[in-house]
Amino acid sequence: MIKKTLYFGNPAYLSFNNGQLVLRLPEVEKNDSLPISFKQKAIRTIPVEDIGVLLLDHQQITVTHALLSALLDNNCAIITCDNNHLPTGLMLPLCGNATQSERFHDQIEASLPLQKQLWRQTVQAKIANQAKLLHERKIECGNMLKWITEVHSGDTDNIEARAAVYYWSNLFPQIPYFSRKRDGVPPNNLLNYGYAILRAIVARALVGSGLLPTLGIHHHNRYNAYCLADDIMEPYRPYVDRLVCEFLDERIDITQLQTNIKTRLLTLPTTEVIIDGQRSPLMIAVAQTTATVYKCFSGETRKITYPEM
């Protein structure tokens, strides 16, 4: 089942009762002129088991501990945002699989040659999807296709970086000299937001597959708690990029993260992708990908299943 992505961008009281997330609005609760019957009708409930990602984007949102506990028990990823409405925090459950200890052991014991081979597959899948997006945009991508064949174990020649330079230099022809930087000019702000949502989806799926999002196959930053999520999300990034391209095509104002932009980016979990020859919502596809990551660690297979654009 596709889990829901919930976004809260206004003051709200969020609590838990009888398996439901209960939403109450403070402007309604505090308005003494409103009848009690109206206030009762203003209360909304959503089954916690249906929620996959919860995004909190206002400084006056109150969440009860009981709700946090219930959400984490149901493997929900909880994202918090700062005053600039950019995601800054991610909360995940500690245990998401019945054979957690065994899976942790298999992940920790994965050999370096295996990790390098898995990173090679990941880079190839990422460049392939980037090339397909460029092709969709009628931008030359022959060199990208050639670079896919040149990626070696561990990407020792850093083909990923070479492809990234060409990709970002050409993806947005409307923006001369565009450079992909977290604090760079728009649409970097949109990319940051979309990637944060994607990261939460991938981290949630990794926990569901019984893996530690911290222990990466390539990323090993000592300050990064989601190295494996950052590895596995790489081939999925072009799906965010495609949405951003659509905003530019539609001449939408991208200088600020407007509500209409956030709404579109929050559809990412239900975006249709093709994985293993089948059409699937992105959230389900990510779960398939993370399941094969574990199978690689356990020795059942040597190939990660990634989507193809």
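This is a predicted model: local features need pLDDT of at least 70, side-chain atom pairs count only at pLDDT 80 or more; totals for chains, interfaces and linings use all residues.

A: Trp119, Val123, Lys126, Ile127, Gln130, Leu133 and Leu134 in helix 5 meet Ile159, Glu160, Ala163, Tyr166 and Tyr167 in helix 7. Contact means heavy atoms within 4.5 Å, and helices (H or I, at least four residues) and strands (E, at least two) are DSSP runs, numbered from the N terminus.

Q: How do the residues of that contact divide into nonpolar, polar and charged?
A: The contact of helix 5 with helix 7 has 9 nonpolar, 1 polar and 2 charged residues. Ala, Val, Leu, Ile, Met, Phe, Trp, Tyr, Cys and Pro count as nonpolar, Asp, Glu, Lys and Arg as charged, and the others, Gly among them, as polar.

Q: At what angle do helix 5 and helix 7 pack?
A: Helix 5 (residues 112-136) packs against helix 7 (residues 159-170) at about 15°, and their axes are 10 Å apart. Therefore helix 5 is roughly parallel to helix 7, a term for angles under 35 degrees. Axes are lines fitted to C-alpha atoms, for helices over the stretch in contact, and angles run from 0 to 180 degrees between N-to-C directions.

Q: Now the sheet: in what order do its strands come?
A: The order is 1-5-7-8 in an open sheet of 4 strands with mixed pairing. Strand 1 (4-8) and strand 8 (87-91) are the edge strands, each pairing on one side only. Two strands pair if DSSP finds at least two bridges between them.

Q: In what sense do strand 5 and strand 7 pair?
A: Strand 5 (residues 51-56) and strand 7 (residues 77-81) are parallel, with 4 bridges. Leu54 has Ile78 in strand 7 as its bridge partner.

Q: And what stands opposite Ile78 in strand 8?
A: Met91 does. Strand 7 and strand 8 run antiparallel, joined by 4 bridges. They form a hairpin with 5 residues between them, and His85 in the turn has a positive phi of about 65°.

Q: Which helix lies across strand 5, strand 7 and strand 8?
A: Helix 3 (residues 65-73) does, running at about 130° to strand 7.

Q: Finally, how many helices and strands does the chain have?
A: The chain has 12 helices and 11 strands.

Note on methods
Residues are numbered from 1 along each chain as its sequence is written. Side-chain values use heavy atoms; hydrogens and water are left out. Angles under 35 degrees count as roughly parallel, over 145 as roughly antiparallel, 65 to 115 as roughly perpendicular and the rest as oblique.
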